[in-house]
Amino acid sequence: MIDSFAKFVVRFRWPVIIIFVGITAALASQIPKTEVDPEMKSQLPDDMRARVNLAKIEKIFGGTDMVMLIMTAEDVLNSETLKRMKKLSKKMERVDGIDRVLSLFSLKDIRSENDQLIVDPAIKRIPRTDDAREKLRLALKDNELVYGNVVAKDFKAASIIGLLNADAVDNDTIDGLNKLIEEIPGPEPITLAGMPYIRVNVAHDIGHDMQRFLPMGLLIMLFFLFFCFKQLRGVLLPFVVVVMAIAFGMGLIPVIGWKIQMVTILLPVILIAVANDYGIHILARYQEENRPGAEVGPHDLARKVIKELFSPVMVTGITTIAGLMCLMSHIVVPAKQLGILSSAAVAFALLGSLTFIPAMLALLPKSKPVIGVETKSGKTRILERMLHATANAVIHHSKSIIVISVLVVAGTAAGINLLIVDTNPINYYEKEAPVAKSAALVDKYFGGSGVISIVAKGNVKDPRLLRELDDLEKKLAELPEIGQTSSVAKVVRKLNRVLDSDNPQPDRIPDSLEAVAQYFLLYSMSGDPEDFERMVDFNYEHALLTARLNTLSTEAIKRVVGVIDEDLSQRPKGMFPVVGGFVDILADIVDAVVQGQIISLLLSLVLVTLLVMILFKSLVAGLLSAIPLSLSMAMLFGLMGLFKIELNIATAMLSSIMIGVGIDYTIHYLWRYRKERRNGLEPAEAVKITLTTTGRGIVFNALSVIIGFSVVLLSSFMPVKFFGFLVVVSIGGCLIGALGLLPAICLIVRPRFLEPLNLVEHDSSKNTGG
């Protein structure tokens, strides 16, 4: 069957080549239609609790997104600073996408004069004297609606908050704000902050990474392939297959209707690193068969390479695809999509390596021999010398290699207990990046950038509901992770202090529904009823409590969400039906990352082990192949803990990719070793031949992965950088396991499935008494 397939490829080489080029061109034409999606909530399925709850909140209260202009100064109450702030606040209302502006000039100062309720802007007039400025400072300190909310408690920063429409376009809003800052210049530094600003930066950096990774990765791969094969066809044929696989995978994105997210930028990198692996083995075997004095033509040579490598290349391709498809077990949407896209593109590259490359080799004249040819100095090439040295070390020190491997893995695996999970999007960036700096300002001065919202349902004018809401808000405010809270209950308490000042305890919710209704009526007569539109709905049937977190660490999020869940379970059933917001989404992503990591790790390990068992028709083969992978995985997670590299949306995908790719080296080694043993070679000689022949392709394969992924070290995103570093470490571990640990185990254990058939049959007859 394999022989027929090989003859078919060589005979119909032109149609094979034309078909692959045609498919590539068709999908490449779709790439310009791709769009970028930097939205965090898009990482979760539409029906997941956090997304459903956020949709409910947005349906009741409108968009929950906000963007901030943060102005810093020695004293923001300086007259000139306030004048500039007022101009910015007024003109910000006309920026595309902004529904309402909250600032010192729009938020209210609620007070009583001559037994009348007065509702004025927090700053009605800009102070001109020092006395007036200090009087204003005291008034702002007494106004909990603005103090710590839009003005820092040390008065060194002030914020202008823009509440966005539900249909706001991030780029248009941020561009409008940047133009506004330019139109109203001043000495005070102004920093943009908020999720729309973060999304715009993420979208920009995704595109920037794509533009850098693709040409740089391909260029590095060209140099690497030339280093490996020293022949033009050895460079161009695997390279062309990689380009076709990238066009295939990237073209599928708009065809399916998906969008590019941060994780998706790994797709071309994965393909640069992995898609040429099969072509590398084909070309390495081609050069091995094309030794000096080999009397064989290009057609026969191409057929022989297919016949010899079809099974191991096909199985290694299938195991890689299986590992990548295990990413589909992730709940996180981009990881699931990456698994589908990368596995489909790798399948295309696998098919191309087994058909397109041999078709091209059959079409081209036979190349000059490379292997077995001495260099000009009369010495063999450095890689061949290194592989001979490795073989000698394994043969003479097999037990020591096993012991040292176990000790190294045990030492590094101790770091697993230190492993932490983190999905904070601010940590996508280095601390000095603009996004990180702006988030730090919000955390420092205004209570934090992460928001969690709680919806209360019922008659909002009912004192019982307001007291429950007020009590919940006070309990949340006591948490060290909460920097700022707001709700209509706080406003009602403020109104009661003003209108019922003769009461010994004025800082409370009124006792009657009528009193609350009267307060709202009086406010509507003196102030603007729209002031409450993000706190209560139009019919006063829902109220919104929002709390800002001053940190987005995983521990802080889980603690706050846990406290809220525990507290709400003790309150009247149905009164607080919805908890949601950005922080809630992060909490669900944390759980999704951990769950996806565990499932994909176990699933990919089991799948590739089963595939190896089927390939070699041996249970021991599957278990043996799992040893290097398991040790590499233990070392990987241990190093992540020791180096404090978080488990996040990017690094959580590493195990499936590493298992799918790393198993290839084991399969190629075991396949060739078994062949040499069945050709009559003793174990030590079989190890030496395997390492110095197939070992060459394995080294090229591993180095192509390492070099291909090293380009992501230049990424704008920290998780992607760490992903690149961890790939280098983990694939390096798999390579050492396949060329050192695995041969050592084979020499000591002598598994039966690797032994010559006559010995296996002899042992079987002895066991049965034959």
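**Figure 1. Cys-734 and its closest cysteine sulfur in the predicted model.** In this predicted model, the sulfur of Cys-734 has its closest cysteine sulfur in Cys-326, at 15 Å, which is too far for a bond. Cys-734 has a relative accessible area of 2% and is therefore buried. For Cys-746, the closest cysteine sulfur is that of Cys-734, and here too the separation, 16 Å, is too far for a bond. Cys-746 counts as buried because its relative accessibility is 0%. A disulfide would require the two sulfur atoms to lie within 2.5 Å, and a search of the whole structure finds 0 disulfides.

**Figure 2. The aromatic pair of Phe-20 and Phe-356.** The search for aromatic pairs over the whole structure finds 18 of them. In the pair shown here, Phe-20 and Phe-356 are tilted, with 6.2 Å from centre to centre and 50° between the planes of the rings. Because Phe-20 belongs to helix α2 (residues 13-28) and Phe-356 to helix α13 (residues 356-363), the pair ties together parts of the chain that are 336 residues apart in sequence. Both Phe-20 and Phe-356 are buried, and together with Phe-248 and Phe-348 they form one aromatic cluster.

Figure 3. With a relative accessibility of 0%, Val-612 counts as buried. The C-alpha atom of Val-612 is separated by 10.0 Å from that of Leu-670, a residue 58 positions apart from Val-612 along the chain.

**Figure 4. Lysine side chains over aromatic rings.** Two views show a lysine placed over a ring. In one of them, Lys-230 lies over the face of Phe-227, at 4.8 Å from the ring centre. In the other, the charged end of Lys-461 sits over the ring of Tyr-540, and the distance to the centre of that ring is 4.8 Å.

**Figure 5. A nonpolar patch on the surface.** The patch is formed by Leu-418, Leu-642, Phe-643, Leu-713 and Phe-725, which together have about 480 Å² of accessible area. One of these residues, Leu-713, is placed in the loop between α24 (683-710) and α25 (718-749). Leu-713 counts as partly exposed because its relative accessibility is 39%, a value that falls between the limits of 20% for buried and 50% for exposed.

**Figure 6. The chain as a whole, for orientation.** The secondary structure of the chain comprises 26 helices and 10 strands, and the C-alpha trace spans about 110 × 60 × 45 Å along its principal axes.

Key:
Residues are numbered from 1 along each chain as its sequence is written. This is a predicted model: local features need pLDDT of at least 70, side-chain atom pairs count only at pLDDT 80 or more; totals for chains, interfaces and linings use all residues. Side-chain values use heavy atoms; hydrogens and water are left out. Patches are made of residues with over 30% relative accessible area and no salt bridge: like charges are joined within 9 Å, nonpolar side chains (Val, Leu, Ile, Met, Phe, Trp, Tyr) within 5 Å. Accessible areas come from the Shrake-Rupley method with a 1.4 Å probe; for residues, only the protein chains shown count as cover. A salt bridge is a side-chain nitrogen of Lys or Arg within 4 Å of a carboxyl oxygen of Asp or Glu. Helices (H or I, at least four residues) and strands (E, at least two) are DSSP runs, numbered from the N terminus. Buried means under 20% relative accessible area, exposed over 50%, partly exposed in between (1.4 Å probe, protein chains only). Rings of Phe, Tyr and Trp (its six-membered ring) pair if their centres lie within 6.5 Å; planes under 30 degrees apart count as stacked, over 60 as edge-to-face and the rest as tilted. A charge sits over a ring if NZ of Lys or CZ of Arg is within 6 Å of the ring centre and within 35 degrees of the ring normal.
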